[in-house]
Amino acid sequence: MNAPNKQNDASEPWLWPDRVWQQKVQKVRAGRSLKPAKWKDGARMAVALSFDSDHETMELRNGGLSFGRMSQGQYGARSGMPRILRLLEKYSIPASFFMPAVSAMINAEEVRTVVSAGHELGMHSWIHEFNSRLDEATERNLALRAADVLERLSGARPVGMRTASWDFSPYTLKIARQMGLLYDSSLMADDEPYELIEDGEPTGVVEIPVEWIRDDAPYVAMDRMTGARPYGGPSMVFDIFSRELEAAWDEGGLFQLTMHPHHVGHRSRIFILEEIIRLAKSKGDVWFCTHAELARYCADEAGLKTAEKAA
């Protein structure tokens, strides 16, 4: 009787031939660093603020069964976004907003407000689906449809994406390249921008790395049906973010931050964003930029032939 084939059995990876784990490791890797010798206009540090405007799609992707959860998402659009946009205007700070296409269609006026204020609109899935649960054709179809929706509502085609829940499938990078995207912002291999490698080959796609440490959701998310519970107050979150910023300043690097309107947009939490802006501004020698501006500057400084240019 033949032994079962364990070569691609994810339940027993210790039985894999070396080539199996090697292929998995090499599928998507961090390539050369794209940290420039100097930031724009000689700034010591770059600051890239981003907001994932998930809104109702956080529950819709689960089937839309909880109207309480959808109201929590609506809060982000209804109350959180106005507070965020007022703060950004107050300090003349540009930011990047990543929106699922369904969220953009529900909140079309928000799209217009974000773009008219000079902020960037980036891709963030169709309905906040998990890419790793999709086949390649479905993932590509949803990505193209999402880009079409954002272009129709905003007047400009997005040049970058952030996958929902930072869930990156074996097909995600291939699809991003086919779409001619300038950058991705879903992976975590460095603090500084880098070029993505696929199957050992440079791709021309800039990665602007994220991290759960620099995301408000792990600290404050609440879902009574799961284990998601706030475990620290706003001052704790600000302390962590500010330490990340101070270290980025010391290293002359990038401080990238991810926030959600239905989290940081609350009355007791919005001060986190304002104090981070104030701290960064107090340094004096800082470049505040959108993710698209950051990716394009790093690519140009490195002489990178981007996927955007190759498309």
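This is a short tour of a predicted model, with residues and helices to select one after another.

**Stop 1: helices α9 and α11**

Two packed helices are described by the angle between their axes and the distance between the axes. Keep that in mind as you select residues 234–251, which form helix α9, and residues 270–283, which form helix α11. Their axes come within 10 Å and cross at roughly 25 degrees. Angles under 35 degrees count as roughly parallel, and α9 and α11 are therefore roughly parallel to each other. The crossing of this pair is right-handed.

Now show the side chains where α9 and α11 touch. On α9, pick out Pro 234, Ser 235, Val 237, Phe 238, Phe 241, Ser 242, Leu 245, Glu 246 and Trp 249. Facing them on α11 are Phe 271, Ile 272, Glu 275, Ile 276, Leu 279, Ala 280 and Lys 283. What classes of residue make up the contact of α9 with α11? There are eleven nonpolar, two polar and three charged residues.

**Stop 2: α11 again, with α3**

α3 and α11 pack at an angle of about 15 degrees, and their axes are 10 Å apart. That angle makes α3 roughly parallel to α11, and the crossing of the two is right-handed.

To see the contact, select Arg 83, Ile 84, Leu 87, Leu 88, Lys 90 and Tyr 91 on α3. The partners on α11 are Ile 270, Leu 273, Glu 274, Ile 277, Arg 278 and Lys 281. Sort the residues of this α3 and α11 contact by class and you get seven nonpolar, no polar and five charged.

**Stop 3**

Most residues other than glycine have a negative phi. Phi of Ser 92 is near 55 degrees, a positive value in a residue other than glycine. Is Ser 92 buried or exposed? Its relative accessibility is 62%, so Ser 92 counts as exposed.

Next, jump to Ser 165, in the loop between β5 (160–161) and α7 (172–178). Phi of Ser 165 is near 55 degrees, again a positive value in a residue other than glycine. With 28% relative accessibility, Ser 165 counts as partly exposed.

**Stop 4: Glu 198**

Select Glu 198 in strand β7, residues 194–198. Glu 198 has a relative accessible area of 7%, so this residue is buried. Which side chain does the side chain of Glu 198 meet in a polar contact? Look for Arg 177, at 2.9 Å. Leaving aside neighbours within four places in sequence, Glu 198 is in contact with Gln 26, Lys 27, Pro 170, Leu 173, Lys 174, Arg 177 and Thr 203.

**Stop 5: His 260**

Finish at His 260, in the loop between β9 (254–259) and α10 (261–264). His 260 is in a loop, yet at a relative accessible area of 7% this residue is buried. Show what surrounds it: setting aside neighbours within four places in sequence, His 260 is in contact with Asp 52, Asp 54, Asp 215, Asp 216, Ala 217 and Gly 265.

How values were computed:
Residues numbered from 1 in each chain as written. Predicted model: local features only at pLDDT ≥ 70, side-chain atom pairs only at ≥ 80, totals over all residues. Heavy atoms only, no water. Axes fitted to C-alpha atoms, helices over the stretch in contact; angles between N-to-C directions. Helix = DSSP H or I, 4+ residues; strand = E, 2+ residues; numbered from the N terminus. Parallel < 35°, antiparallel > 145°, perpendicular 65-115°, else oblique. Left-handed = near helix turned anticlockwise from the far one by under 90°. Contact = heavy atoms within 4.5 Å. Nonpolar A, V, L, I, M, F, W, Y, C, P; charged D, E, K, R; others polar. Buried < 20%, exposed > 50% of the residue type's maximum accessible area, 1.4 Å probe, protein only. Polar contact = N/O pair within 3.5 Å; in protein donor to acceptor, adjacent residues only side chain to side chain.
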